[in-house]
Amino acid sequence: KLLASYETERRPIGLFNTREAADNYDKSGTIFAVPEALEEDGAAGAIARAAVASLLPPKIKHFAPIGVHLGSAYENSPLVVADGTPPVPFDPVRYTPSARPGQRAPHAWLAPGQSMLDLFGRGFTLLRFGEAGGEPLIEAARGAELPLNVADIADAAVARLYERRLVLVRPDGHVAWRGESV
């Protein structure tokens, strides 16, 4: 039922991102006007580069919207089980990693060249931290023929990032559920 959740989950984010892009463009002003001396060596080039650089700080939302790209959360989704924690504050230029249900599962390195994100994408993924169990969920997934990968993570720092012993991640990389036990 992931595709059926589009209207509830992705459409509002797409509309927000479109409005955000239009607002950024409307406020871009002269930022795209390139002074002739910009690439020159010497004082004229330095002055031109400083003038352009002075325009950038108010435009950070335009050029570095990491919060827009990574901070979207699926609040009120029928495919996310809330855990009672407060929503992560949204900021278009800052991304706060969180394993709160509905959020994008946070990145962490498991080993050199191996990211947590490499575990996601083929079915659901149950992350187990420590001796977490989760067998009833695994059996229910098998019974429903739900594709489920199980990943046992022994890294304590990653466990702290995910905040619960069991975390179910959807194929799109968003957290569907988390808890201490099934």
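Predicted model: local features only at pLDDT ≥ 70, side-chain atom pairs only at ≥ 80, totals over all residues.
Local features were considered at pLDDT of at least 70 and side-chain atom pairs only at pLDDT 80 or more, whereas totals for chains, interfaces and linings use all residues. Residues are numbered from 1 along each chain as its sequence is written, and side-chain values use heavy atoms, with hydrogens and water left out.

Strands (E, at least two residues) and helices (H or I, at least four) are DSSP runs numbered from the N terminus, and two strands pair if DSSP finds at least two bridges between them.

Strand 3 (residues 124–129) pairs with strand 4 in the parallel sense over 6 bridges, and Arg-128 has Asp-152 in strand 4 as its bridge partner.

Strand 5 (residues 166–169) and strand 6 pair in the antiparallel sense over 4 bridges. They form a hairpin with 5 residues between them, and Gly-173 in the turn has a positive phi of about 85 degrees. Val-167 stands opposite Arg-178 in strand 6. In a regular strand the side chains alternate between the two faces of the sheet. In strand 5, Leu-166 and Leu-168 point one way and Val-167 and Val-169 the other, and all are buried, buried meaning under 20% relative accessible area, exposed over 50%, and partly exposed in between (1.4 Å probe, protein chains only).

In helix 5, Leu-137, Ile-138 and Ala-141 are buried. These residues lie on the same side of helix 5 because they cover an arc of only 100 degrees around the axis, the arc being that of the directions from the helix axis to the C-beta atoms. Pro-136, Arg-142 and Gly-143, on the other side of helix 5, are exposed. The cover over the buried residues of helix 5 includes strand 3, strand 4, strand 5 and strand 6.

The largest nonpolar core has 14 residues, of which Met-116, Phe-120, Leu-127, Phe-129, Val-158, Tyr-162 and Val-167 touch the most other members. A nonpolar core is a set of buried Ala, Val, Leu, Ile, Met, Phe, Trp, Tyr and Cys residues joined through side-chain atoms within 4.5 Å. Strand 3, strand 4, helix 6 (156–162) and strand 5 each give two or more residues to this core. Apart from it lies another core of 9 residues, including Leu-137, Ile-138, Leu-166 and Trp-177.

Ala-176 is in strand 6 (residues 175–179) and is buried, with a relative accessible area of 5%. Beyond its neighbours within four places in sequence, Ala-176 contacts (heavy atoms within 4.5 Å) residues including Leu-79, Phe-124 and Leu-168. Leu-79 and Ala-176 are 97 residues apart in sequence and 6.5 Å apart in space, C-alpha to C-alpha.
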